[in-house]
Amino acid sequence: MTSIDFARTWADTRQNDLEAHAALYAADERFTIEERMVDDHLGDTISDRADLLAQLAPYANKDRDNGLGVQTITVTEAFAGNGHLMIHWDWSVEGLETFHGLPVEGRTLTSKGSTFLQFDDAGKITLESTILNENPVFQQLGLPIITPHYWEEGFDPASLTAA
Amino acid sequence: MDYAFAVKWLKAFRHSAEAICELYADDFVFEDPILDQYQIRDKGDLGRIFVLYANKDRENGLGVHNFRIRGYEGDRRSGLIRWEWTPEDAGNFIGLDVTNKPFFTQGHTFHVYDEQGRITRESSWWDVGAILTAIGQPGIEKARIPAKSAVAGAA
């Protein structure tokens, strides 16, 4: 299995078969999954199968009417290293009721994400670090977030503090 | 690379745009999608990206950008730097008023290095929702997708 094939298997099982997804990871207490800032490892760091199945359940939700949304993850790139893999993916969700508390109101939300995976000698995942780019999503929901191209020649840095 | 290189990289952020650019190979790709920075391949553009992080003026509203390493996972040819970021004394951040609103977030950066240890590929990402939660953005809750009884135990 190539790196991109593994990345696609990882994404496919996360969306469609969480039991098979869990089998990609090392034994309980031998792996960690973090997909947001860690305030408290209790709640923010997944380290056993029960927590994996509970916290990752929204990824595999297929009910368009329960408000959890139906997510799609499409792998776009994979960078393989010695015992690790970095994955870039496109993301969308339909039928979501709220995103970080903001009403979605029927919109299909889209963005991109990244996932770093580290493996043990048996090829099982021991560490996952995932980050979704939430800026485009907040913009799609109407927040006044800006991402000016301040690195382009001629950009006025003072405009960053003018808003 | 290793933890020491990660610290060197972040100290260069604070020093100058020139110092940070020296750590990248001539043929490089830099990306920070959170700031809509894709396929940056020019050292001039890269330098202008890092001018913001080298700001030392606490009065101009751009903030002083305190980054700290959480860890490095990988080897000398590629790996992931995990970090924390506290913009201090910023007045405006991604268009939002953050005056007198302390906040920080965490992120990760994947690097690929050439044989001389220079960065040839960078992919940086960070948690924006944590910032909106910290500054008290109206309507924002920490949980991206709230728990629902429809999926037993879902977070």
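Student: In chain A, among contacts between residues at least 6 apart in sequence, what share joins residues at least 24 apart?

Tutor: Two residues are in contact if their C-beta atoms, placed from the backbone, lie within 7 Å. Take the contacts in chain A whose partners are at least 6 apart in sequence. Those that join residues at least 24 apart make up 46%.

Student: What kind of model is this?

Tutor: Residues are numbered from 1 along each chain as its sequence is written, and chains are lettered from A and ligands numbered from 1 in the order in which they are written. Local features need pLDDT of at least 70, side-chain atom pairs count only at pLDDT 80 or more, and totals for chains, interfaces and linings use all residues, since the model is predicted.

Student: Which pattern does chain A follow along the sequence?

Tutor: Helices (H or I, at least four residues) and strands (E, at least two) are DSSP runs, numbered from the N terminus. Chain A has six helices and seven strands. Read along the sequence, they give α-α-β-α-α-α-β-β-β-β-β-β-α.

Student: Which residues does A:A7 touch?

Tutor: Leave out residues up to four places away in sequence. Then A:A7 touches A:V75, A:A78, A:L85 and A:I87.

Student: Which element gives the most to the side of chain A that touches chain B?

Tutor: The contact takes 46 residues from chain A and 48 residues from chain B. Elements of chain A that each supply at least two residues include α4 (49-55), β2 (68-80) and β7 (125-132). The most, four residues, come from β6(A).

Student: Why do the buried residues of α3(B) line one face of the helix?

Tutor: Helix α3 (residues 43-51) of chain B buries B:L46, B:I49 and B:F50. The arc is that of the directions from the helix axis to the C-beta atoms. These residues line one face because, seen down the axis of α3(B), they fall within an arc of 90 degrees.

Technical notes: A residue is buried if 20 or more other C-beta atoms lie within 10 Å of its own, exposed if 12 or fewer, and partly exposed in between; C-beta atoms are placed from the backbone.
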